[in-house]
Amino acid sequence: MPTLNIQGRKVQVDDAFLSMTPEQQNAAVDEIAKSLPGVVGPAADSGAASRAQAGIALAQKMHGMTPEDKRAAAGIDQTTLQPAGIPAYAPMDLGAGGTALTSTMEGVPIAGPLLDRAQTTAAAGLGSLISGQPYSQVHDQMQEMVDESRAAHPNARTAGNVAGAVMGTAPAVLAAPEVFGAGLATTPGLIAAGSTGGLIGATDAAVRSGGDPNEIKKGGLIGMGGGLAGQMVGPLIGRGVKAAADTLKLNSIAKALGLDKKAVGVLADAARQDAIDPVALSLGDDGMLMDLGPNLRHTAGAIAATPGEGKAIVRNAISARDADANWRIRSTLNDTLGEAPTPSRIIDRANRNQLNLQPQYREVLREASDIDAAPIARYLDAEAQTLRGDAERGIQRVRSMLDYVPTGEEIARARALGQPAPGGLIHDAGTLLNARQAVDDLLETAQGSNHLNALQTARQAIDDELAAKVPNIKEVDAQYAELARQKEAVQRGQSVLSSGREAPRPDELTDEVRQGALPQGLQIGPSAVPLRLREGARAEIERIVGTNANDRVALQRLIKGEGDWNRARLSTLFGQDKANAIIDLLDRERLFADTSNIVTRNSETAARIAAQDAIAGGGSRGFGVREGFIAGGARGAARAAGTKAVERVIDALNNGGNQKAISDMARTLTGGPQQSAVLDALLRAGSGTKIQPKQVEGIARALLLAGPQATR
C-alpha cells in the first residue's frame, strides 16, 4: 500500500488514490492534512506535490513488476535480501576462546553429541527465561551462533574437542589403568590397550555417524591405533614432561640465585637425598650448608679433591673454623656457666675459714664447766670388748684420748713428793674438743662400715657431752660443719658427670641438691652446698675441655655421655636451658669435626687414588666397601663407602663440569645455614615440580586413545 509523507508524518493511502489526477491527489492530501494534529497550513505545497508525484509514479511503475524486479528497483541485494546501505544480519561470533569452550562437550568420546546438544538446550532455556523471547527462536539463534563460530575458528574447535576427549577419558585411565593396559609394554597390556581403544573408537563413531558401518570400522581402527600408541609412548611422554618441567624449574632457581645451573643441580640432588629438615637443625653462626647431611659433606669432599678455586674455598673455610673450635667452646661455656673455678682454691679457702673459727671456740670454752668423761669411757670400754679389727682398734684409740696425760712438771712434782703421777680421765672441755677433732680426722681415713659406725657413735657421745657443758658451742660447730660440707660438695661435683659407680644417678643428685640447700644444726640461712656442687661440676667440665679440646668427638662423649643421664644431671645443677645450650654446643662441634674429617680425609684419599691412576695410567683401584671391611673392619668399610661417594661426585664434576660450577658449589656449601633463601631454593629444586609422570602418562593415553575420533 502506497505511503505519503505529509510534513514528517507518514500516511498510507489505498489503490484508488493512484488512479486520481494530480489535482485530485493534491486536494486529497490537503484533506488528509487537515485531519492530522500539529500540521499547519497547506500540506500539498509545490515541494510536497512534486515528491508525491515522484512517489506515485514509482508506485505505478512497481505495481506491475515481479518480486525480483521490485527488489532490484528498491536496491535490495538478491543474495542477502538486505536493502542497500543496511548490513546483512549475522549471528554473534563467539571468538576463539568461546568456540573452544563450547566445543569441549562435543569432544567427549561416545557421549559428546548428546552432551553438546544438552549444553545448547540448557543455554537456550536460560536465555528464553531472561529475555522473554520464545524458546524455539532463542534455541535457533544460539545454534546458528555456535555453528558459525565453529566454522570461523576450526583450530579453536579442535582444541576444545581435544580437551573434551581428555576430560572424558583420563579419569577412566587413571581409575582403572589395567583396563587400558597401563604399565609395561607387555603382551597382555598391548591387547588390553588396543581392545579398549578400538571399542571406544567404534562406539563413538557409531554415535556420531548414526550407525554408519564404514565410520564404525574406521573409528575402531583409529581407536585401536591410539590405544596401542598410548601403551608404547605414554610412559615416555610422562617421564619426558616431568624431566622438562623439572629442568625449567631448576634453571629458573639457578638464575634467581645467580649460580651455575649445573652447580644447583648437584647441590639440589644432594640436599634431596639428605632429606634435610632445616627447622630441626641448630648449627649457629659457624655452621655451613655442608654440615646438613652426608651427601652434602661428600660433595664438599669431592670439591676439596678437585684442583681449582673451589678446592681452596672449601679447605680454607674448614681450616678457619677448626682453628676457632677451642675458642668457641670455651667462650660459650663461660657465657653459659660462668668462669671455671679451681677446686683446690675453694678447698683451701674453706680450710682457712675453719681455722679462723678457733678464736670463737676459745671464747665459748671460757664459759665451759668441767666435763664428765666417765660415761663415755665406760661405753667405749664395752665396745672394745665386742668389736674386732679396725673397728676395735679405732675405739681403743678414741678411748685413750679420754685418759688424762700429766705434764712433765706434774710428774716431777709428784716424784718430789713421793706421790703417784696424776691420772684418771680428762675433765677439761678444751681437751675433749681436741679429742672430737681427732676423731674427725680418723673418720676421713676410716675403711669399712663397722669401723665408720663405731667412730661415728663415739664422736656423737663426745659431741653430746660438749653441747651439755660448753654453752654456744653448737653455733660455732654449725659454721665449721658448713665449711666441711662445702669442701665435700666441691669434691662431689667433680664426679657427677663421670660414668663410674661413684657418680650419682640423676634422681640421687636431685635429692643431694635439695637436701644440701637445707641448713644443718644451728646454722642460719641456706647452705652453699648446691653452689659448691655446681662449681665442682664446672671445674670438671673445664678439665675435660682442657685435656680434649682437639678431640671434639671425645669431648662430646665425655660431657654429654652415651645416654641422657648427663643431660639430666646438668639440668639439675645449672637449669634446663643452660644444660641444653651446653649439649647443643657439643653436638654442633662434634658435627663440625665430622664434617672436617669427612671432607679432608675422604678428599685426600680420593685425590691420592686419582693421582695414582694418572701416573700409572690405570683405572680404578677397585678398593670398595668389601676391601675396606677386610682391611679395617666396620670403620674401614665406612671410610671406603665415603671415598666411593666422593669419587662419584668427582666424576660428575669432571664429566662436563666447569670451574664456575665448582666454585659456585664451594661458595654455597661453605655458606652458613642461616642463608635460608638459598637452602629453601635448593630444597625446592631438589623436590622438582609437582607434576607426576603417572598423571601425565594418563593424559597422554587419554589423548591418544580418544583424541583422533573426537576431533576428526
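Helix axes are taken here as lines fitted to C-alpha atoms over the stretch in contact, with angles running from 0 to 180 degrees between N-to-C directions. On this basis, in a predicted model, the axes of α21 and α23, the latter spanning residues 529-548, come within 7 Å and cross at roughly 30 degrees. Because angles under 35 degrees count as roughly parallel, α21 is roughly parallel to α23. The crossing of these two helices is right-handed. From α21, the contact draws on Glu482, Arg485, Gln486, Ala489, Val490, Arg492 and Gly493. These residues meet Val529, Arg532, Leu533, Gly536 and Ala537 of α23. Sorted by class, the contact of α21 with α23 holds five nonpolar, three polar and four charged residues.

Helix α23 also packs against α25, which covers residues 565-574. Here the axes come within 9 Å and cross at roughly 130 degrees, and α23 and α25 are therefore oblique to each other. This crossing is left-handed. On the α23 side the contact involves Leu533, Arg534, Ala537, Arg538 and Ile541, and on the α25 side Leu570, Leu573 and Phe574. Six of the residues in the contact of α23 with α25 are nonpolar and two are charged, with no polar residues.

At its other partner considered here, α21 meets α20. The axes of α20 and α21 come within 9 Å and cross at roughly 135 degrees, an angle that makes α20 oblique to α21. Asp463, Leu466 and Ala467 of α20 form this contact with Ile473, Lys474 and Asp477 of α21. The contact of α20 with α21 comprises three nonpolar and three charged residues, and no polar ones. The loop between α20 and α21 contains Asn472. Phi of Asn472 is near 65 degrees, a positive value in a residue other than glycine. Most residues other than glycine have a negative phi.

Helices α20 and α21 also contribute to the largest pocket, each supplying at least two residues of its lining. The space in this pocket amounts to about 1100 Å³. Its lining consists of 29 residues, and those nearest the centre are Asp440, Arg459, Tyr480, Ala481 and Ala484. At least two lining residues each also come from α14 (343-355), α15 (358-365) and α19 (429-445). The most is given by α21, with ten residues. By class, the lining of the largest pocket has twelve charged, nine polar and eight nonpolar residues.

Notes. Residues are numbered from 1 along each chain as its sequence is written. This is a predicted model: local features need pLDDT of at least 70, side-chain atom pairs count only at pLDDT 80 or more; totals for chains, interfaces and linings use all residues. Side-chain values use heavy atoms; hydrogens and water are left out. On a 1 Å grid over the protein atoms alone, a cavity is a set of points where a 1.4 Å probe fits but cannot get out, and a pocket is an open set with protein on both sides within 12 Å along at least five of seven lines; lining residues have an atom within 4 Å of a point. Grid points are joined across faces, edges and corners, and a volume is the space filled by probe spheres set on the points. Helices (H or I, at least four residues) and strands (E, at least two) are DSSP runs, numbered from the N terminus. Ala, Val, Leu, Ile, Met, Phe, Trp, Tyr, Cys and Pro count as nonpolar, Asp, Glu, Lys and Arg as charged, and the others, Gly among them, as polar. Angles under 35 degrees count as roughly parallel, over 145 as roughly antiparallel, 65 to 115 as roughly perpendicular and the rest as oblique. A crossing is left-handed if the near helix is turned anticlockwise from the far one by less than a right angle, and right-handed if clockwise. Contact means heavy atoms within 4.5 Å.
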